[in-house]
Amino acid sequence: MDTIVQFFNGNLLLIYLLIFTVILGFEVISKVPTVLHTPLMSGANAISGVVIVGAILLIRQSDPTDYFSLSLGLIGIILGMINVAGGFTVTDRMLEMFKKKKAKS
Amino acid sequence: MEVVETIESSFLVNLLYLLGAVAFVWGLRLLSSPDTARKGNTYAAIGMGLAIIGALIEPVQNGGNNNYGWIAGGMIAGALIGFPAAKKIKMTAMPQMVSVFNGLGGACAMVLAIVELFQNQGTTMGLGQAAIVYFTLLIGAVSFTGSLLAFAKLDGRIKDKHVTFKGHSILNNILLLVVIGFMVFLMINGGTQGMIIGFLIVSLIYGFSFVAPIGGADMPVVISLLNSFTGLSAAAAGLIFGNQLMLVGGILVGASGTILTVLMCEAMNRSLFNVLIGGFGGGAVAAASDDGKVAKTANASDVAIQLFYSQSVMFVPGYGLAVAQAQKVVKELDDILEANGVDVKYAIHPVAGRMPGHMNVLLAEADVPYPKLLDLEDANSALPNTDLVVIVGANDVVNPAALDEPGSPIYGMPVLNVWEAKNVVVLKRSMSPGYAGIQNPLFFHDKTKMLFGDAKVSIQALVAEVKNL
């Protein structure tokens, strides 16, 4: 119980951020219409590539001879970057098609 | 490293992260309308750029090491893989691509958690911190192998029956208990490297096993769920690094995945629990509908004449449309009919295809204006006034058994009431039941005619016939 109280008090701002972001996320995303669900999903996917930030920080903090951390960090960056680069690109490709339609009709 | 940010960050870095978070939220907000959606995606991408710059310049412990060479190498390699893949992928294969990307995001979070655990060997982590790190590892790993299996299933490389068996859900429940028990043990006692690797392996196996029994029409649910898992793993990784931007980004993705999961479940009138147990369809229910009745068949010229003299036509696309790559010919047929004064609409069931909104993307690719796409409710209110419904590769979403056969596995699922239209034509390869293995009484309905053959070939034939009229 003590640890929980300690954790709660120590991370109060983070907990606020967490809760408000959850509420905000649900509010914003529940407005996305069915037509756009696939782009929403792939766009959200690209955003989840934000883990790359963690991988970058990890490599920057690692000792230059700590090849274990550096290698895994490298893998993390590659995975995250595929997600980011591919995700935003493919979402853009999809949304371009939707936009074009509007201009024509 | 503490959970709470202890490193003194510079003003500029904080500002970059803040702007990045705002760009994510704003980008998602703009995604709520087709007119602004592309801009929204660009904003989110800019936010990601700001985040990466922030991460590159943030003052860190052991500052000076930086190892920028490693970072640059990884980013270039990732971009060289990601960009071409995203440029080349066919719209019909979008569910596969989203699954793979999703799995990679989960894998990234998993890798970060592993390093964090190995680096903290021998030191005592606080319980809260340990919980976060193990949670990241678990969710990331589950999302990774789960998404890869979903990809293999969607791509037709693995059939459902190859990876699942009777009572699979019991195995999954046991595995889940093992994973959670193991996690709690490690959180409290700390773990040796061997134990951590053991936990990793169990988590990876669980991810695979939990997706294994879910197939076919349930794919949109599981993809959405995995999407939300990846978001959660990113958010949890954000807690490890005390990085608010990762937390915000991850939670937004988690929220998006959760909402889509709920919507997909509602569209099938099933609980998430029911979906996870898996084994949709294939029960003993098939028999009731087809006793003694014979489906009427039509040929292309009959259907062409019917199309030509209808006032209103509604296409109902399903996964078969994607498989046959028939979206462009459908649009061609649509254009010819419209030129002759026929009103053409499309009825899109929420779970048509293999991911949320799959059909909308395919039809958009074929240049169908999105106002012509009706959702379930609008389509059902328009159907009684529709002269002809053309079903292209859809099956379970137009099954009347969902309304009037309480024994059917899809009973209670909201469906498109196509039989309320004046006539129905079903384009289908053969009489075999749909993906879910459930027989469809619609095929034997008085109003229904079957046009057998590959969807694309059939529609090409219709185009040729209509042109001759």
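This is a predicted model: local features need pLDDT of at least 70, side-chain atom pairs count only at pLDDT 80 or more; totals for chains, interfaces and linings use all residues.

Me: At what angle do H4(B) and H5(B) cross?

Reply: Axes are lines fitted to C-alpha atoms, for helices over the stretch in contact, and angles run from 0 to 180 degrees between N-to-C directions. Helices are DSSP runs (H or I, at least four residues), as are strands (E, at least two), numbered from the N terminus. Here, helix H4 (residues 94-119) of chain B and helix H5 (residues 127-154) of chain B cross at roughly 155°, and their axes come within 7 Å. Angles under 35 degrees count as roughly parallel, over 145 as roughly antiparallel, 65 to 115 as roughly perpendicular and the rest as oblique. H4(B) and H5(B) are therefore roughly antiparallel.

Me: And how does H3(A) sit against H4(B), parallel or antiparallel?

Reply: The axes of helix H3 (residues 37-48) of chain A and H4(B) are 9 Å apart, at an angle of about 25°. So H3(A) is roughly parallel to H4(B). For contacts, look for heavy atoms within 4.5 Å. On the H3(A) side you'll find Thr38(A), Met41(A), Ser42(A) and Asn45(A), which meet Met94(B), Val98(B), Phe101(B) and Asn102(B) of H4(B).

Me: Where is His358(B), and is this residue buried or exposed?

Reply: Buried means under 20% relative accessible area, exposed over 50%, partly exposed in between (1.4 Å probe, protein chains only). His358(B) lies in helix H15 (residues 358-365) of chain B, and is buried, with a relative accessible area of 1%. Beyond its neighbours within four places in sequence, His358(B) touches residues including Thr38(A), Met91(B) and Tyr319(B).

Me: What about Thr448(B) and its contacts?

Reply: Thr448(B) belongs to strand E6 (residues 448-452) of chain B and is buried at 0% relative accessibility. Neighbours within four places aside, Thr448(B) is in contact with Lys296(B), Val424(B), Val426(B), Leu442(B) and Phe443(B).

Me: How many disulfides are there?

Reply: A disulfide is a pair of cysteine sulfur atoms within 2.5 Å. A search of the whole structure turns up zero, over all chains. As for cysteine burial, Cys108(B) is buried at 0%, and Cys265(B) is buried at 6% relative accessibility.

Key: Residues are numbered from 1 along each chain as its sequence is written. Chains are lettered from A and ligands numbered from 1 in the order in which they are written. Side-chain values use heavy atoms; hydrogens and water are left out.
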